[in-house]
Amino acid sequence: MRTHCKLLVSLICLGVFLVLYLLLGQPEGPHARSTYRSPAPAPSGHGDPHPPTQGTFREIQNPKPRRNPLLKKKRGEGKPHIRTRDRKPQTVLSEEWMHLAVVACGERLEETLTMLKSAVLFSIKKIKFHIFAEDSLKSDFKRKLEDWPHLFTRKFEYRIYSITFSVGNPQEWKKLFKPCAAQRLFLPMILQDVDSLLYVDTDVLFLRPLDDIWAFLKKFNDTQLAAMAPEHEIPKIGWYSRFARHPFYGTTGVNSGVMLMNLTRIRKQQFKNNMIPATLTWEEMLHPLYQKYKSYITWGDQDLLNIIFSFNPENLYVFPCQWNYRPDHCMYGSNCKGAEEDGVSILHGNRGVYHDDKQPSFKAFYEVIRDYPFDGNLFQSMYYPLQSKFLESVHTLCGRIPQVFLKQIEKTMKKVYERRVIVHAGAHLRL
């Protein structure tokens, strides 16, 4: 009996030894078990010799994993050919940025900062500001923007550019209509690394997230490369339909104070024109077109844009008037149906109405947003003051329709408040 027990114990020990030997002690050699390690991720950050352009998608492809030569079939061997599975390249999408451009010359510092403030207050995605300014304004822009609270500075990045014109006489371009306004015509050539862009005049105010007008880019068809709103809704009282001495888009022309652009498409497009039979690129066309019509244009670069799209109407997307709401939409009676239904989305205070008393309803928005403290309560520090100011403007044509002005911004404030509550509640839940 003892002999049988000793034999059983010996067999068990031998079995355990063989198992351990098979699992841990295999010798290395041509038929040894192979191990595979995925390759280390590609380096990034400061050591990257080609850093990605911010605001665009960054595609990072892992290098192909090396196949272990020990797993390849050798000639003369009858073993099956074993392959390691190549991993598919992984695409990492960086956070999407929106791009906003503005041109500021002369006494436009405060007005521009107020516009940028309205964009930051309400927008959801982050924004890249492209500010074209005279040298005398650059340091002021930098100082003011960096003085904003971190809660808001983290929502945007900015770059300040000098005023430059790639073709023609720079001084002539600079004095065309408003100071430096013609700079917008040269954005496709200057911002080569930007795919899409929203350009606005300095006297524009966002009453809802910039994200909402940015979404119009997805509505472009295959030929459309820019979007603007009509200059007027009624041809009988429109400026172009009554006075223009040059071609213009549609029946009332378009207003360039709010212009959404796919710069990539503009750079690639060949445009029809009435100067030569052949098509021309955007840059090739600008100066000859100006030389041909400079004695007939009144509104400078806006007139040139109307001429371009009059010959290329398929390239333009027209968005509703509430996205570029001006005094012309109410000073002759309410004539923007979209604003009556949905409220004003973007307010454009042209004619200098932010700085005089001709249209107090426009001036009210400018002053309230300009004076709004970043840490203030939106309803107490913005909406209620707006209501009070509108009570003082009911005697004016634009002031008689306060619901048109206040409807959209009230919705916007509610959404901003809801987002802040959700974020605040989420932070407490994580504690």
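Predicted model: local features only at pLDDT ≥ 70, side-chain atom pairs only at ≥ 80, totals over all residues.
**Entry 1**

I began with the strand order, and I found an open sheet of 7 strands, running β3-β2-β1-β4-β7-β6-β8, with mixed pairing. I then looked up which strands form the edges: they are β3, residues 156-161, and β8, residues 316-318, and each of these pairs on one side only. Going from one strand to the next, I noted a twist that averages 25°.

**Entry 2: strand β1 and its neighbours**

Next I turned to β1, which spans residues 97-104 and pairs in the parallel sense with β4, residues 196-200, over 2 bridges.

Is β1 covered or open? I found it mostly covered, since 8 of its 8 residues are buried. I reminded myself that side chains in a regular strand alternate between the two faces of the sheet. In β1, Trp97, His99, Ala101 and Val103 point one way, while Met98, Leu100, Val102 and Ala104 point the other way, and every one of these residues is buried.

**Entry 3: helices lying across the sheet**

I then asked which strands helix α3 lies across. This helix, residues 135-146, lies across β1, β2 and β3, and I recorded that it runs at about 170° to β3. Helix α11 lies across another set of strands, namely β6 (226-230), β7 (254-262) and β8, and its direction makes an angle of about 65° with β7.

**Entry 4: helix α10 against helix α11**

Before looking at this pair, I noted that two packed helices are described by the angle between their axes and by the distance between the axes. For α10, residues 282-293, and α11, residues 301-311, the axes come within 10 Å and cross at roughly 115°. Angles of 65 to 115 degrees count as roughly perpendicular, and α10 and α11 are therefore roughly perpendicular to each other. I also recorded that their crossing is right-handed.

Which residues make the contact? On the α10 side I listed Trp282, Met285, Leu286, Leu289, Tyr290 and Tyr293, and on the α11 side Leu304, Leu305, Ile307, Ile308 and Phe311. When I sorted the residues of this contact between α10 and α11 by type, I had 11 nonpolar, no polar and no charged.

Technical notes:
Residues numbered from 1 in each chain as written. Heavy atoms only, no water. Axes fitted to C-alpha atoms, helices over the stretch in contact; angles between N-to-C directions. Helix = DSSP H or I, 4+ residues; strand = E, 2+ residues; numbered from the N terminus. Parallel < 35°, antiparallel > 145°, perpendicular 65-115°, else oblique. Left-handed = near helix turned anticlockwise from the far one by under 90°. Contact = heavy atoms within 4.5 Å. Nonpolar A, V, L, I, M, F, W, Y, C, P; charged D, E, K, R; others polar. Pairing = 2+ DSSP bridges. Buried < 20%, exposed > 50% of the residue type's maximum accessible area, 1.4 Å probe, protein only.
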